[in-house]
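Keep the viewer open and follow along.

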Amino acid sequence: MGVPNSNWQLSDANREYKICETYPRELYVPRIASKPIIVGSSKFRSKGRFPVLSYYHQDKEAAICRCSQPLSGFSARCLEDEHLLQAISKANPANRYMYVVDTRPKHRMQSWRATQKDIGRIIVRISSKIWNDEKIRESDEKKRLNAMANRAAGKGYENEDNYSNIRFQFVGIENIHVMRSSLQKLLEVNGTKGLCVNDFYSGLESSGWLRHIKAVMDAAIFLAKAVMVESASVLVHCSDGWDRTSQVCSLGSLLLDSYYRTIKGFMVLIEKDWISFGHKFSERCGHLDGDPKEVSPVFTQFLECVWHLTEQFPQAFEFSEAFLLQIHEHIHSCQFGNFLGNCQKEREELKLKEKTYSLWPFLLDDRKKYLNPLYTPKSQRFTILEPNTVSFNFKFWRNMYHQFDRTLHPRQSVFNIIMNMNEQNKQLEEDIKDLESKIKQHKNKQTEDILTKELLNSVHPESPARKTSMCLKEQNDTLRTIEGSNPTDNRYSDYAEEFSKPEPTGVSLEYGVARMTC
């Protein structure tokens, strides 16, 4: 990505996970951001997830950063957080303003703001009722106070009045609970037998699944355009910064950088934006018997967005659909340690590197199986991807949700046909090279034999008298054989006359009959 550089540096502030337990040890921050500013900002952000670098575009000198929502409370402010955002803005010499992208729907934030206005009055009323009403139990009092305290804690967004050179943007991606419900509706439609086509598409539409996919894609496109068109840096956050934020940052990087569209680059992207930055795979994928409300198909949505990109740009990706399906399968199989646990610190405590294997070497060993035959790495047209998110471009991912349904009529995959044809062509090319090599060796051997004979003749030349005597001897032996045959058998009488004719030694073909003469 071109870091570290004059504007960005590698910070060891979180080396021992003291600032944020769900972040990796090493983080890139603006060079002018001091450690006290980082610590102060982390206290103002949910789960301590302060703004850090996710992707840096070398040509535009713009950055994609990520964090969690601010704990704004009663219109509170944090000077350290304001200074850190200003440092991110100043780290981009091409553009001094930056975008703060809130991935949550705007209507939720508007309702939150309306609640903030009356929060003091609500607490006063409930507190008065708690102290005056003797029938309310102490446990109920604590629950009411905790609920009000949580609402007062903020869980909000940045106050535009406190941040200069900042432009706010809402992109409207729903939370994990809405996504889980949407997928359940989709799977119910898939599992219903005997549906006609109209009922299937009606159920698919009512699930809202493809609308959510489109929302994630639109957010990533906004990031890419902000960086490429305006040369502006972008700060992305959702609630805690490990679900929707990971989706948008990783897809934005994928649109901007062709390296992440290769097999190895895609592995790096997942390690960077999902595994290292603390997406809670164990909880979201339901690896353990935990809270079922924490299960949500966040990473599945990311893979589906990538699949839609491969459908729109089939020449831009080195990997095929089979690669995405294989990754998705092993995220839930728990056979590899990459996706176990909820963050890097937890994986280190479990010593997963020593106890488990990584998924990536397993996939690289069978790399040919996942190659895209249409991939053109040298094409400049796919340096930046600009997908079209019109509704009809989003379709049902059959091979994901129906891959194990044996009752469906089998359909041949175009990619599989092309891959088989490529394998056949490669085998034929190898056979041609092998045959050409054998022909060349045979010709060389013939040339060597001729040269050897010529060399021997030049060293030991055969006299004409000896050649004549040998020829007469062979002729007499032949005539003797013919004369010694049965008198009634005159099959060789015609050949005797032929042998008596003096001709030069050689082999000639006349009328398809070979004759040996002297």
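I began with K351, which I found in the loop between α14 (344–350) and α15 (352–355). For these labels I took DSSP runs, numbered from the N terminus: helices are H or I of at least four residues, strands are E of at least two. K351 has a positive phi of about 55° although it is not a glycine.

Before going on, I noted the ground rules: this is a predicted model, where local features need pLDDT of at least 70 and side-chain atom pairs count only at pLDDT 80 or more, while totals for chains, interfaces and linings use all residues. Residues are numbered from 1 along each chain as its sequence is written, and side-chain values use heavy atoms, with hydrogens and water left out.

N165 sits in the loop between α5 (138–152) and β6 (166–170). Its relative accessibility is 45%, so I put N165 down as partly exposed. My scale was relative accessible area with a 1.4 Å probe, protein chains only: buried is under 20%, exposed is over 50%, and partly exposed is in between.

Then I checked the peptide bond from V3 to P4, which is cis, with omega near 0°. P4 belongs to the segment before β1.

**The whole chain**

I counted 20 helices and nine strands in the protein. Of its 518 residues, 43% count as buried. I also looked at contacts (heavy atoms within 4.5 Å). Among those between residues at least 6 apart in sequence, 73% join residues at least 24 apart.

**Aromatic rings**

How many aromatic pairs does the structure hold? I get 24. Rings of Phe, Tyr and Trp (its six-membered ring) pair if their centres lie within 6.5 Å; planes under 30 degrees apart are stacked, over 60 edge-to-face, and the rest tilted.

I picked Y23 and F50: their ring centres are 5.5 Å apart and their planes stand at 75°, so this pair is edge-to-face. Y23 lies in the loop between β1 (8–11) and β2 (27–30), and F50 in the loop between α1 (35–44) and β3 (52–57), so the pair ties together parts that are 27 residues apart in sequence. Y23 is buried at a relative accessible area of 0%, and F50 is buried at 2%.

My other pick was F299 with F302, whose centres are 5.5 Å apart with planes at 45°, so I call the pair tilted. Both residues lie in helix α12 (residues 298–312), three residues apart, about one turn of the helix. F299 is buried, with a relative accessible area of 3%, and F302 is buried too, at 0%. They belong to one aromatic cluster, which also includes F266, W274 and F319.

I also spotted R167, whose charged end sits over the ring of Y97, 3.6 Å from its centre. The test is that NZ of Lys or CZ of Arg is within 6 Å of the ring centre and within 35 degrees of the ring normal.

**Helix α10 and its surroundings**

The axes of α10 and α12 come within 14 Å and cross at roughly 145°. I used lines fitted to C-alpha atoms, for helices over the stretch in contact, with angles from 0 to 180 degrees between N-to-C directions. F266, L269, I270 and W274 of α10 make the contact with V298, F299, F302, L303 and V306 of α12.

I then moved to Y260, in the loop between α9 and α10 (263–276). Is Y260 buried or exposed? Y260 is buried, with a relative accessible area of 4%.

My last stop was A316, in the loop between α12 and α13 (321–333). A316 counts as buried at 5% relative accessibility. Leaving aside neighbours within four places in sequence, I found A316 in contact with R261, Y375, F382 and L385.
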